[in-house]
Amino acid sequence: MKITQISVFLENKQGRLREVCSVLGKERINIRALTIAESEQFGIARMVVDRHEDAIRVLKEQGFVAQLTDIVALEVDDSPGGLAHILQTLDDEKVNVEYMYGFVEKHSNKALMVFRFDDTDRALQVLREKGISVVGKKDIGAL
Amino acid sequence: MDCVFWDKKTELMPRQDLERLQLERLRSTVGSALRTEWYRKRLPKVGISKPDDIRSLDDIRRIPFTMKDDLRQGYPYGLLAVDLSDVVRMHASSGTTGIPTVIFHTYQDLMGWADVVARSIVATGATKQDVFQNMMSYGLFTGGLGLHYGAERVGMMVIPVGGGNTKRQVQLMKDFRSTVLHITPSYLLHLYEKLGECEAKVEDLFLKKAYLGAEPYSENTRTKLEELFSIDVYNSYGLSEMNGPGVAFECVHKCGMHLWEDVYFVEIINPETGERVPDGAIGEVVLSNVTRSATPILRYRTRDLAFLYPEPCACGRTHRRLSRITGRSDDMLIINGANVFPSQIEEVVMRIPEVGTNYQICLEKDGALDKLIVKVEIYSKMFHGSVHELDALKKRIKDELRSSITIGAHIELHEPGSLPSFEGKGKRVIDKRIRL
């Protein structure tokens, strides 16, 4: 139930993010979710794409520093308190969220969010027990 | 202008007598040197096995030059000429690699150093009535303690504050009416810019003189500082291998620094050929300390470029004047008064596994102060997508660098292949600083 995310190191140079998107675009890869984590002098672009093996290959060919990470895609009630509810559940089980961001498309009429956990396997177990819907690779591919 | 002398007899000694004194002291120093592991191996090879083998001052030319690397190779006790039990202090300064150069001092050596510094201070017209704020670093660096002992010897009140904490520095100047400062030129400029923040104006202070050293600066900068603060600025030259400050110092005429030739034998050489150049010509300063007992050093190549004024000074002192240092004959950098060799930075970068072997050293000005930026390339394999990890890496590099070069650096992480790479010795240092 893990989804693969690509992280790309972005030097604080003008046009670097555009180049990443351009490289992916040329390879006809579709970005489904994207966020940028910034630090003082560099950034890290995190994204979920439709073909991550091709994406990382072509990024590395173009000289980018890129890496794959396991994340989990969760459905969140698209109403006020929806996210708080899921986070409460995770909190109660002492599951730690490192970061999260949103998908472009919805899977159903619920919101779809990317979660990065410090202990992915334990998180998946807890989510299963608590009946929180985890969206699998196939469904992401079909977005 | 009335000149005051600390040691009139020595300072006005006729050249003939001075040279005779030098020869006597040089012989004695050769004797000390032969007691060290280092010189014992080298001097007999050039026919010097006892002090009497030095028959004239010209014979010094037979002695091979001593380089900073030699001091590194001799680390730690290779150049010690006395029993360790007679050593009361050691000072260390930057080596070209992580290994520093060490100078040992006996009690007499320290007294001799204090004396030559006192002589320098009095030559600027300062007296025991002055209040001396010593804003150079104390510690293994010789700038702080060097002037400290000399100023105490003159009898003035010394405020041993060291560097940094500008607000406190200004408060001390106001409260204790400091009249003489010992400081780097960039820090003095920086101080002027910060006076407003410290709620002070130049008129609130009692400054009369500043002794500037540790980094090069121009006549223009001296004039500018004299105008900004309404003080007299005196140039000071020294290096830890030759004790520290007190090697050469300007007198009230402020036209070149009197190099104390009864204590230091000076030669100006062509850095390529090693041959002496005449007075007035720029060359590399080579110094032999002829009064020390613990760490005798002969014909030390300082890598500083300067010239000796051929004409005598109006003050009457017979010790020749050394010009401003015009440059270096090596790649050593001076950053906020600290000596840094690019090779020290390279050594640190090479042993960090997460970054590649390509790096760049960039120097810029940040107001009046220097800013050091070290750019490195991250290894693709070492990237795990975590911001925290990369920030921690930057901090680690910064800490390792500080351990080696003692000053702070800004670290920039770059993508592999984005920094220029070179075959062999490349241009790794980009120095954008405007010369002071």
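**Chatting about chain B**

Q: Which residue is the bridge partner of Leu363(B) in strand 20 of chain B?
A: That's Asp431(B). This is a predicted model, where local features need pLDDT of at least 70 and side-chain atom pairs count only at pLDDT 80 or more. Residues are numbered from 1 along each chain as its sequence is written.

Q: And in what sense do strand 17 and strand 20 of chain B pair?
A: Strand 17 (residues 355-366) and strand 20 of chain B pair in the parallel sense, over three bridges. Pairing takes at least two DSSP bridges, and strands are DSSP runs of E with at least two residues, helices runs of H or I with at least four.

Q: What's the strand order in the open sheet?
A: The four strands of chain B run 19-18-17-20, with mixed pairing. Strand 19 (410-414) and strand 20 (429-431) of chain B each have a single partner strand, so one side of each lacks a neighbour in the sheet.

Q: Which helix packs on that sheet?
A: Helix 11 (residues 387-405) of chain B, which touches strands 17, 18 (369-378) and 19 of chain B. Contact means heavy atoms within 4.5 Å.

Q: New topic! At what angle do helix 5 and helix 6 of chain B pack?
A: About 75°, with axes 7 Å apart, for helix 5 (residues 107-123) and helix 6 (residues 142-154) of chain B. Axes are lines fitted to C-alpha atoms, for helices over the stretch in contact, and angles run from 0 to 180 degrees between N-to-C directions. The two helices of chain B are therefore roughly perpendicular, a term for angles of 65 to 115 degrees.

Q: Which residues make the contact?
A: Among them are Trp113(B) of helix 5 and Tyr149(B) of helix 6 of chain B.

Technical notes
Chains lettered and ligands numbered in written order. Heavy atoms only, no water. Parallel < 35°, antiparallel > 145°, perpendicular 65-115°, else oblique.
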